[in-house]
Amino acid sequence: MRKVSKFMLAVMVLVVSLSSLVGNAFAEEQEFPRGKSVNVNVMSYNIHHAEGVDGVLDLERIARIIEEGEADIVGLQEVDNHFSNRSDFQDQAKWLANRLGMFYTYAANLDYNPLNEGEPRRQYGTAILSKYPILKSENHLLPKIGNTEQRGLSEVTINVKGNHLHVYNTHLALTSAERQIQIEETINIAGESKGPKVIMGDLNATPESNEMKLMYSNYIDAFANQNEAYTIPAENPTKRIDYIFTSNNIETNGARVIDTLASDHLPVMTTIVLDRSEPFNNGEK
């Protein structure tokens with residue numbers, strides 16, 4: 001009996017020890033180590049509802065640009081959602097997300113009744129695609145002057161390997177006066193969140209524009225040292241109106257403009273470096 005008891009005791013100790021090892025291994029695999037940075041490839045792209053310079057509608061071509069660029073997070077502008085026959089009434093954001101295997105959120109700035117009862121609403125706006133889970137999203141309609149096109153600021157929080165990254169995507173107005181109040185509102189909205197931030201989009205303004213001063217005084221331009229990072233027109237670009245800005249707690253490198261005729265704009269990309277030296281809690285350090 002004593003031999004059996006000793007044997008059983010030894011077995012129990014062995015089982016407990018193995019269980020403890022398995023539990024620790026699982027915890028280590030699930031927890032992301034602190035003290036290491038995380039590199040994230042970010043892209044901003046006005047896709048012109050996937051119509052290229054050649055006049056051809058081709059969502060697959062847009063998908064390949066994102067894929068070949070190895071983008072992790074993408075802010076898209078001029079995205080149709082069952083909008084009209086110009087885009088075959090497709091849900092473009094959903095199609096791209098499914099094709100690329102990414103999470104996504106769509107922000108409608110124009111929202112019209114369907115042509116026929118029972119059909120989806122016809123929408124036009126922006127989208128954010130992400131390889132990392134999107135925790136929450138909200139679209140803020142931006143102020144405008146008179147009877148002009150409604151613009152918006154899409155806001156999402158993304159869980160990047162334990163870091164909560166706040167991403168804002170927008171497509172601003174055509175006049176300087178409207179862009180001024182829209183940039184002011186963008187700064188106010190983004191200021192309500194703590195932690196690392198990225199603001200990107202088609203701002204319809206060149207870097208030296210008066211309304212851009214507020215952006216430059218609050219955020220860092222990923223292309224600050226590239227004065228000729230022109231993005232429009234795609235075939236022979238002469239102006240820079242597409243941007244990626246970051247908060248000052250984010251390092252960036254490898255900013256680049258991608259040469260393609262898949263849209264009337266050129267996409268811009270950069271790699272952001274999230275500092276993991278301290279844990280994040282709901283986006284706050």
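Okay, let's start with a pair of strands: β2, residues 73–81, and β4, residues 122–130, run antiparallel and are joined by 7 bridges. Strands here are DSSP E runs of at least two residues, helices are H or I runs of at least four, and both are numbered from the N terminus. Two strands count as paired if DSSP finds at least two bridges between them.

Before I go on, this is a predicted model, so local features need pLDDT of at least 70 and side-chain atom pairs count only at pLDDT 80 or more, while totals for chains, interfaces and linings use all residues. Residues are numbered from 1 along each chain as its sequence is written, and side-chain values use heavy atoms, with hydrogens and water left out.

Back to our pair. Aspartate 80 has tyrosine 124 in β4 as its bridge partner, and valine 79 has glycine 125. On to α2, residues 59–68.

Touching, or contact, means heavy atoms within 4.5 Å.

Is β4 buried or exposed? 9 of its 9 residues are buried, so β4 is largely enclosed by the rest of the structure. Buried means under 20% relative accessible area, exposed means over 50%, and partly exposed is in between, using a 1.4 Å probe and protein chains only. β4 also pairs with β3, antiparallel, through 9 bridges; there, threonine 105 has isoleucine 128 in β4 as its partner.

Now, which residues of α3 are buried? They are Gln92, Ala93, Leu96, Ala97 and Leu100. Looking down the axis of α3, they fall within an arc of 130°, so they line one face of the helix. That arc is taken over the directions from the helix axis to the C-beta atoms. Their cover includes α2, β2, β3 and β4.

Next, the cores. A nonpolar core is a set of buried Ala, Val, Leu, Ile, Met, Phe, Trp, Tyr and Cys residues joined through side-chain atoms within 4.5 Å. The largest one has 23 residues, and Met43, Tyr45, Ile62, Ile66, Val74, Leu76 and Leu129 touch the most other members. β1, α2, β2, α3 and β4 are the elements giving two or more residues to this core, and α2 has the largest share, 5 residues. If you click on isoleucine 62 and skip its neighbours within four places in sequence, you'll find contacts with Tyr45, Ile47, Ala50, Leu96 and Ala262. Apart from this core lies another, of 22 residues, including Val42, Ile128, Val160 and Ile250.

Let's move to β10, residues 242–246. 5 of its 5 residues are buried, so β10 is largely enclosed by the rest of the structure. Both faces are covered, with Asp242, Ile244 and Thr246 on one side and Tyr243 and Phe245 on the other. Strand β8 (197–202) runs antiparallel to β10, with 5 bridges, and valine 198 partners threonine 246. β9 (220–221) is antiparallel to β10 too, over 2 bridges, with aspartate 221 opposite phenylalanine 245.

Isoleucine 232 and proline 233 are joined by a cis peptide bond, with omega about -10°; proline 233 is in the loop between β9 and β10. Aspartate 88, in the loop between β2 and α3, has a positive phi near 55° without being a glycine. Aspartate 88 is exposed, at 52% relative accessible area. Lysine 161 isn't a glycine either, and its phi is positive, about 50°.
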